[in-house]
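Hello,

Here is the structure I promised to send over.

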Amino acid sequence: MVTVEPEPTSTAPPDDPEPAADWVLAGELRLNLSALGVDHLAPDFGERLCQLSTDNPPWQFEYSAAGELIIVPPPGSESSREEADAIGELYIWRRLNGGMSYPSSVGFHLPSGAQRIPDAAWITQERYDNLTPAEHRGTINGAPDFVVEIRSRSDRLPPFLAKMQEWMDGGATLGWGIDSRQRRAYIYRAGVAEPEILDNPESLSGEDLLPGFIFEVRRLIFDRMIQEEPR
């Protein structure tokens, strides 16, 4: 049996100040699959990992390039609402403009060997038309063309930003890392070494990749952030 211990309470670094609240941040759990005798190189591994997530809601199961099974805890009602707003707006845009959008239930197999699940994603119509039957059933090869990650209460900032960089290294063209706790957005672009950091932006743009797509991040996420009640 694996016992998950809560993350210890500590003083946050200067670039990631935390409110003095006493909630428990569960965090993710990582297990070495090779030590468990699981062959992650099997042809149907991606499909089986996707099925594992489907069979065990609301948990998500990802796989790192380092050979670890990543068990992601439920995001909670607040983070689920934020994700729903992002995927909902993206869904409306793609219905009119093409491509295919995905919620946080579809995995993407990256060139590094990692298999990750975004909070919201979109791929081009051409790419969608060329997906294999296996990709329709399970994970999609390569990073999404456009990817969104929204930081939940259990997400520490360094791993959150590292995952965004994984998406870009895996072939994404545009990525939004939305930090609802700090009212900040990190905009990642292919070919640009560092993300653009926007403090409390009113909206985010799909730029040339998703022309006309505007997400009102301040109204839909930042201004609706639930504050902790004093105890």
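Two residues are in contact here when they have heavy atoms within 4.5 Å of each other. One thing to keep in mind as you read is that this is a predicted model.

Let me start with Asp145, which sits in the loop between strand S8 (140–141) and strand S9 (146–150). Leaving aside residues up to four places away in sequence, Asp145 touches Trp122, Ile123, Thr124, Arg127, Ala172, Thr173, Leu174 and Leu209. With Arg127 there is also a polar contact: the two side chains are joined at 3.3 Å. Is Asp145 buried or exposed? Its relative accessibility is 13%, and buried means under 20%, so Asp145 counts as buried.

Most residues other than glycine have a negative phi. Asn200 is not a glycine, yet its phi is positive, at about 50 degrees. You will find Asn200 in the loop between strand S12 (196–199) and strand S13 (204–205). Its relative accessibility of 28% makes Asn200 partly exposed.

Glu207 is not a glycine either, and it has a positive phi of about 55 degrees. This residue belongs to the loop that runs between S13 and strand S14 (214–215). With a relative accessible area of 30%, Glu207 is partly exposed.

Best wishes

Methods
Residues numbered from 1 in each chain as written. Predicted model: local features only at pLDDT ≥ 70, side-chain atom pairs only at ≥ 80, totals over all residues. Heavy atoms only, no water. Helix = DSSP H or I, 4+ residues; strand = E, 2+ residues; numbered from the N terminus. Buried < 20%, exposed > 50% of the residue type's maximum accessible area, 1.4 Å probe, protein only. Polar contact = N/O pair within 3.5 Å; in protein donor to acceptor, adjacent residues only side chain to side chain.
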